[in-house]
Each structure stands twice: as C-alpha cells, then as structure tokens.
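Q: I have a structure open here and would like to talk it through with you. Could we go through it residue by residue, with the cut-offs spelled out as we go?

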Amino acid sequence: MSRTVLVLNGPNLNMLGTREPTTYGHETLADISSLCRQTADELELNLEFRQTNHEGELIDWIHQARTRCAAIVINPAAWTHTSVAIRDALVASELPVIEVHISNVHAREKFRHHSFVSAIAVAVLCGFGVQGYRMALQHVGHLLNAKG
Ligand code: DQA
C-alpha cells in the first residue's frame with residue numbers, strides 16, 4: 001500500500017518568513033518543507049511537498065494523487081474560504097484529507113471562520129504554527145498504521 005503523503009500549500013505561502021510575521025511567524029516554506037521531510041522520515045512515510053499560486057494547478061495535483069498517494073495534508077490558504085472546486089477535487093480524490101492552518105483562523109477576521117474543506121477533512125489543525133504540519137503527518141502515520 002502507498003505510504004506517500006502529498007503536502008499541498010496554497011497561495012502566498014511561498015512568502016512565509018517575510019509575510020505578516022506577527023501572524024505567521026518567521027519560518028519560511030523551506031523550513032516547513034524540512035520539518036515535514038524530517039517527520040516523514042521518522043514515520044517512514046514518502047513525502048511530496050508542493051506550493052502553488054494557481055488554483056487549477058493545485059486541482060490537477062489533487063486529481064493525480066488519487067491513485068498514487070495515501071493521504072493529503074493541505075493548507076489551502078485563502079482558497080480555504082473561497083473554493084468549492086478544491087473541496088470537490090479533494091472529495092474526488094477519495095483520500096483522507098487533513099487541513100492545516102498556521103494561524104488560528106477563528107481568532108481572525110470573520111471571512112476566515114468558514115472553510116469549504118473542514119467538513120470533508122478527517123482532521124483540522126489551526127493555530128499550532130508550523131508544528132501543525134508535523135502533527136498532521138503524525139496523524140497520517142497513525143491512520144496508515146491502523147490500516148495495516
Ligand atoms: C492560512 C490562513 C488563511 O486564512 C490565509 O488566507 C492564509 C494562511 C494559515 O495558514 O493560517 O494564507 O491558511
């Protein structure tokens with residue numbers, strides 16, 4: 001069975017480190033990628049880590065994951081609050097989805113309180129900073145080990 005986990009990052013997350021550091025911290029996307037790589041190695045998971053600013057590209061990656069991957073960890077960033085298309089693609093993937101946000105979106109503007117993804121996710125992590133990615137991968141490890 002596949003132990004490949006696709007970690008997807010949406011728009012503007014390539015700007016982490018310089019983007020609103022009081023909200024998102026000083027870690028860069030490269031730092032998050034390293035954290036995920038280290039965690040995946042510990043858990044004997046194969047990791048694919050990607051970021052895009054183009055919604056269609058993200059949707060194509062989700063479609064391609066269906067037959068290759070065991071789970072999707074996704075920080076959809078602003079598309080969380082806007083995109084039915086990403087939610088539908090995630091459902092079509094038939095994979096367990098874990099939603100991650102660096103910040104606590106519920107403590108922020110009202111438009112960030114609704115997520116199109118949360119209702120179809122097996123778990124949602126928000127407000128744990130970049131550690132949320134590590135926790136999400138740990139949960140994928142538990143899910144895959146439970147499946148055998
Ligand atoms: C975010 C929260 C979103 O509301 C925002 O649009 C982002 C990042 C987070 O990781 O906290 O770009 O997903």
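Q: Which residues is V7 in contact with, leaving aside its neighbours within four places in sequence?
A: Leaving aside those neighbours, V7 is in contact with L47, E48, F49, R50, V73, Y133 and L137, where contact means heavy atoms within 4.5 Å. Before we go on, this is a predicted model, in which local features need pLDDT of at least 70 and side-chain atom pairs count only at pLDDT 80 or more, while totals for chains, interfaces and linings use all residues. Residues are numbered from 1 along each chain as its sequence is written, and side-chain values use heavy atoms, with hydrogens and water left out.

Q: Where does V7 sit, and is it buried or exposed?
A: V7 lies in strand 1, with helices (H or I, at least four residues) and strands (E, at least two) taken as DSSP runs numbered from the N terminus. V7 counts as buried because its relative accessibility is 0%, given that buried means under 20% relative accessible area, exposed over 50% and partly exposed in between (1.4 Å probe, protein chains only).

Q: Which members of the largest nonpolar core touch the most others?
A: Those are V7, I32, V73, Y133 and V140, in a core of 27 residues; a nonpolar core here is a set of buried Ala, Val, Leu, Ile, Met, Phe, Trp, Tyr and Cys residues joined through side-chain atoms within 4.5 Å. Two or more residues of this core come from each of strand 1 (4-9), helix 2 (29-42), strand 2 (46-51), strand 3 (71-75), strand 4 (97-101) and helix 5 (131-147). There is also a second, separate core of 18 residues, with L6, I62, I86 and V117 among them.

Q: OK, on to N9. What does its side chain pair with?
A: The side chain of N9 makes a polar contact of 2.6 Å with the side chain of Y133. A polar contact is a pair of N or O atoms within 3.5 Å; within protein, one must be able to donate a hydrogen and the other to accept it, and residues adjacent in sequence count only if both atoms are side-chain atoms. N9 is placed in strand 1, and it counts as buried because its relative accessibility is 0%.

Q: And what else is N9 in contact with, leaving aside its neighbours within four places in sequence?
A: Apart from those neighbours, N9 is in contact with L29, F49, R50, Q51, T52, L58, N75 and Y133.

Q: N75 makes me think of the ligand. Which residues surround the ligand?
A: The ligand is surrounded by R19, Y24, N75, A77, A78, H81, H101, I102, S103, V105, R108 and R112, where a residue is near a molecule if one of its heavy atoms lies within 4 Å of it. This shell divides into 5 nonpolar, 4 polar and 3 charged residues, with Ala, Val, Leu, Ile, Met, Phe, Trp, Tyr, Cys and Pro counted as nonpolar, Asp, Glu, Lys and Arg as charged, and the others, Gly among them, as polar.

Q: Which polar atoms lie by the ligand oxygens?
A: A polar side-chain atom of N75 lies 2.8 Å from an oxygen atom of the ligand, and a polar side-chain atom of H101 is also placed 2.8 Å from a ligand oxygen. For A78 it is a polar backbone atom, 3.2 Å from an oxygen atom of the ligand. Taken alone, the ligand exposes 320 Å², of which the protein buries 99%; the areas come from the Shrake-Rupley method with a 1.4 Å probe, and for residues only the protein chains shown count as cover.

Q: What is the phi of A77?
A: Phi of A77 is near 50 degrees, a positive value in a residue other than glycine. Most residues other than glycine have a negative phi. A77 lies in the loop between strand 3 and helix 4 (84-93) and is buried, with a relative accessible area of 11%.

Q: Where is E94, and is it buried or exposed?
A: E94 is in the loop between helix 4 and strand 4, and it counts as exposed because its relative accessibility is 66%. E94 has a positive phi of about 60 degrees, although it is not a glycine.

Q: Last one: which backbone nitrogens does the S115 side chain reach?
A: A polar atom of the S115 side chain lies 3.0 Å from the backbone nitrogen of V117, and the side chain of S115 reaches the backbone nitrogen of S118 at 3.0 Å. S115 lies in the loop between strand 4 and strand 5 (123-126).
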